[in-house]
Amino acid sequence: MFQLSKEVPSVGQLAHVRGRRFVTLDVINPEGRPDSKHLVKLASVDDSLGDEITVVWQAEPNAEALDFDALPNPEGLDDPETLDAFLNAVRWGIVNDIDRGTFLAPFRSGIKIEDYQLDPLVRALQVPRTNLLLADGVGLGKTIEAGLVIQEFVHRNRIQRILILCPSSLQLQWQEEMRDKFGLDFRIVDHQAMRDLRRKQGIHANPWSSYPRLITSYDFLKQDHVLRVFKDLIPEGTPSFPRRFGMLVVDECHNVAPGGRGMRNSQRTTLVKEIGPHFEHKLFLSATPHNGYSESFTALLELLDNQRYMRGAPLNREQLHGVTMVRRLKSDEGLAERFCKRDIEPIYIDYSEEERTAHALLQRYAKSRRAVASGSDYIAVEFVLKTLKKRFFSSPAAFRSTLETHLKTLTEPRDQEKKKSAPGILARMLKEMEDAENNLAEESIDQEELVESTVKMASQEGPKATPEQIGMLNELLSWARRAELLPDTRLRVLMEWLDKHIKPDGQWTNERVIIFTEARASQRYLWNQLSQRGYAEDGRAAEMYGGMPPEERQNLKNAFLADPKYSKVRILLATDTASEGVNLHHHCCKLVHWDTSWRPTVMEQRNGRVDRHGQPRDVTIFHFAPASAATENGRSKDDLDDDLEFLFVAAKKTSQIREDLGRVGPVIAEQIEERMLGKRSVLDTTLAENETNKIRRLLKAEVDLAEQVKRLNEEYEVAKREMHLTPENVRKVVEVGLKLANQIPLEPVEVPEVGTAFKVPVLTGAWSECLKGLEHPFTKEPRPIVFDPKQAEGRDTVVLAHLNHRLVAMCLGLLRAAVWERDQGKIKRITVKTVSKGLLDTPAVIVHGRLLVLGKTMKRLHEELLVAGGKTVDNKWVRFSEAELKEIAANLENGRGSDRIIANVRAKWPQLEPILRRTLEARMKERTETLDNRIQRKRDAEKAEVEKVLLELKAQLQQGLEKPDQLELDFGEFDRADYSNLLRHRIAQIPEEIKREQAALDERYAEPTPRLFPVAITIVLPKEGN
């Protein structure tokens, strides 16, 4: 079967290295002598990852150059179920990149896939370079959609090196979801990882080339010394072809877009602009991609795909929705009924006289400070007053902390030199504050310290305080210090609410609640007061905040997500660092805003922790509201009631228009500030909502969602049928794999509400790795596995064994390896089946082969499982037609082998073996003629698409030059003449860019060469008795 060679393999030849099979891509002889060492570049062919390695051939132990073209010898028979499992293993490992309608990613994931989530995957397979903006609303499953695309591209060998950029607080979540839901291992790169790598591999080790799949935060990578190391791996200027990296994923991508009109690029914008062009594919994720400023949106699109978009250039709406952006909302027809409903409910509060007096005093103080402020002083005064008001509504503890900083600064001797430089410093600090507020999930930012230091600087810059003002501050401070020692009115009301919903009659229920606070000081205040009154007993309450050790944070998250039967935690106190991207909805449908955020986007991010895809119950969001609003006969309103009612109205408005916050959100935020500073009495977003209609129309795709979902469902079912993907077939692969590996078999067990599951036994050797991930995240108990996604849906008591699950993947790898075995081992690759005499009246043979098509550069272009066969009629071999093969295959039944059958085949093998080889080769020839045409059509279509895309961009840019009034630009960063020059420069680049891209495609698809590997033989006998 194999001819071993001690010689160095030639380009295109198979090789066995490190226990795996590779095709030889390149051979380099640096010294030019036959007896010198050779560098051999290899690409994997026996798995779907397409891994490439370069080895010193003579230094590799047991390295072998191989030639393989023989059928399996008839030395024995497999039982039919074993051979079926083997063929399925081969089938599921095949990469069919020509047929874009067939995909495997949904079957390689450990979650229930919604049909609408297949849309990004289908789109991604239709274009040569994928640049998608996944802009579905909060909670629709953008991470799942991204994971499907990543999984499919990895399987098809279209990408190897992947980088995920996200807020630092989401790194572990991304790592966990990619591992548990898709079976893909990613490594996190941070300062500790860099230190560990260099300690092991030396100071010059580059973390960005240490592993093919990486996760990091944009604020880590944007640092000069870190980015410099990354840039060591990419060419300067024009990207190389093929590009150095496979896929860039940017989560919460609105964080990397430039700010509003005329704002300069942030460090994050510059980071993505510099590294993005060196990635072949890009996925950007954001529920709020448009912040209301078209310039910012077009700049984000340019970062995503600079061959279709340019900052400020007119947008092609058809292109945006047809190719680039996927955006669906929960309110869309066809989706609304799938998701939970959300209600906003008030928790009424009647402030005490002392609290009302303190608020009135704060109002007086604010009025007196504004009266003496002017010029640059005014900005400083407004910031301090706004912060004090925000802290007053947060908690007595938060208010006391900020008030102490302000008062201490005002009463300190003033340094006039510092006073002169203060405006510039304050401006920078206010910008830092704004950035921090926009990136609450970035844990590297100490929000509390930043607030206090900015208050201190603003207090220094503001006007000198009068004795009367100092007196008012001292009086307020005295009240705050007393108030923080006891529950305030709001906390007493909250405890009453907890007693009603979470701990009625003193008994803990299975209900859970998340209580969000903006300030860490308020969270500590809540924790202390609730702990003293028994609400944190026995682990019933927990805190999640920025700066928590990642492992501690993850353990807390696991506890909150676990079934209440196993985890005691019922109350989660969370700061806003937990409000972006963190999933907390599995067993929680109630959320309380302890302090209503002044920024609607933060409110909505908080709500999205429980109101999201997979939430099984309707969600209730609670905000505090004045008791005077509940009854006409209640206490007459004062400014404190009015302020709280304004915040409640803003919260309701935010929830109502949550899918259009891009333009309206900033207006609500601005009006909240105006109200809190005494400049506004009524919330009015009419103008902003009218303006946002344009954005809504821009982002709204004119598609029939119901028809689209129906089509996606049909494609999904077709893929399942063609790939023989059933829970039973996957289970059989595992059972056969464990048997071949001499491991203990699976043990059926009954699981409540699930049915029959399978306990994974203690596995030995390398197989013990398969036990990872079976441990329950919270209880740490081993969980059984199931093979049917419906059994695992919404449950954490079992683990879905999908195609990329470690156990399934190892079994598949073991079975597929039988194709390459020189001596027949436990799999003979020959079996016997029967079929009705109505279809076959004489014995026949079906042979399977693996067809691999390689391009000129030895890149895998296509792969499929060929089926051929025939029978002897009047002593003459007659091949089956494709239709005959399909009919026989559809009606095959398991037969019983015997020594007589195998002896008969052995006796005829010298004559039968060349006939079967010619039969398979004839089928390969027929198929490759068709494939050659399809490959060339695919190449021509991709070349035409590249040219079309770039010429459309050229036309849009030309339009911008000729009709500058159509530009989405305010010329804040550069003037009109500068921008016109940029347009002309980009237009001039396009012809050469078309040539480069098309040349790369020509190189990729040049000289397709088929390789045939015989796989298995099925002897088909007419069924006796019919």
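Both faces of strand β23 are covered in this predicted model. On one side lie I830, V832 and T834, on the other T831, K833 and V835, and all of these residues are buried. Because six of the six residues of β23 (residues 830-835) are buried, the strand is largely enclosed by the rest of the structure. Two pairings involve this strand. With β28 (residues 1009-1022), β23 runs parallel, and six bridges join the two; here K833 has V1020 as its bridge partner. With β27 (residues 893-894), β23 pairs in the antiparallel sense over two bridges, and the bridge partner of T834 in β27 is E893. In general, strands of a sheet pair through backbone hydrogen bonds, either parallel or antiparallel.

The chain holds 30 helices and 28 strands. Its length is 1026 residues, of which 56% count as buried. Among contacts with a separation of 6 or more, 78% come from residues 24 or more positions apart. The accessible surface of the chain comes to about 43900 Å², and carbon and sulfur atoms account for 49% of that surface.

β1 pairs with β2 (residues 20-28) in the antiparallel sense over four bridges, with L14 standing opposite V23. The two strands form a hairpin that has two residues between them. In the turn of this hairpin, R18 has a positive phi of about 55 degrees. β1 also runs antiparallel to β5 (residues 64-66), to which three bridges join it. A15 takes part in this second pairing, with A65 as its bridge partner in β5.

A parallel arrangement is found in an open sheet of six strands, ordered β13-β18-β17-β14-β16-β15. The edges are taken by β13 (342-349) and β15 (541-544), each with a single partner strand, so one side of each is left without a neighbour in the sheet. From one strand to the next, the twist averages 25 degrees.

Helix packing can be followed in the same way. Two packed helices are described by the angle between their axes and the distance between the axes. For α13 (residues 396-411) and α18 (residues 520-532), the axes come within 7 Å and cross at roughly 135 degrees. That angle makes α13 oblique to α18. The crossing of α13 past α18 is right-handed. At the meeting place, P396, A397 and A398 of α13 touch A521, S522 and Y525 of α18.

A465 lies in the loop between α15 (447-461) and α16 (467-483). Leaving aside neighbours within four places in sequence, A465 is in contact with R369, L410 and I470. T411 is 54 residues from A465 in sequence, yet the C-alpha atoms of A465 and T411 are 7.9 Å apart in space.

E152, for its part, has its place in helix α3 (residues 142-155). With a relative accessible area of 1%, E152 is buried. Which residues does E152 touch, not counting those up to four places away in sequence? The contacts of E152 are T102, F103, L104, A105, L121 and L125.

Terms used: Residues numbered from 1 in each chain as written. Predicted model: local features only at pLDDT ≥ 70, side-chain atom pairs only at ≥ 80, totals over all residues. Heavy atoms only, no water. Contact = heavy atoms within 4.5 Å. Pairing = 2+ DSSP bridges. Buried < 20%, exposed > 50% of the residue type's maximum accessible area, 1.4 Å probe, protein only. Areas by Shrake-Rupley, 256 points an atom, 1.4 Å probe, with all protein chains shown as cover. Axes fitted to C-alpha atoms, helices over the stretch in contact; angles between N-to-C directions. Parallel < 35°, antiparallel > 145°, perpendicular 65-115°, else oblique. Left-handed = near helix turned anticlockwise from the far one by under 90°.
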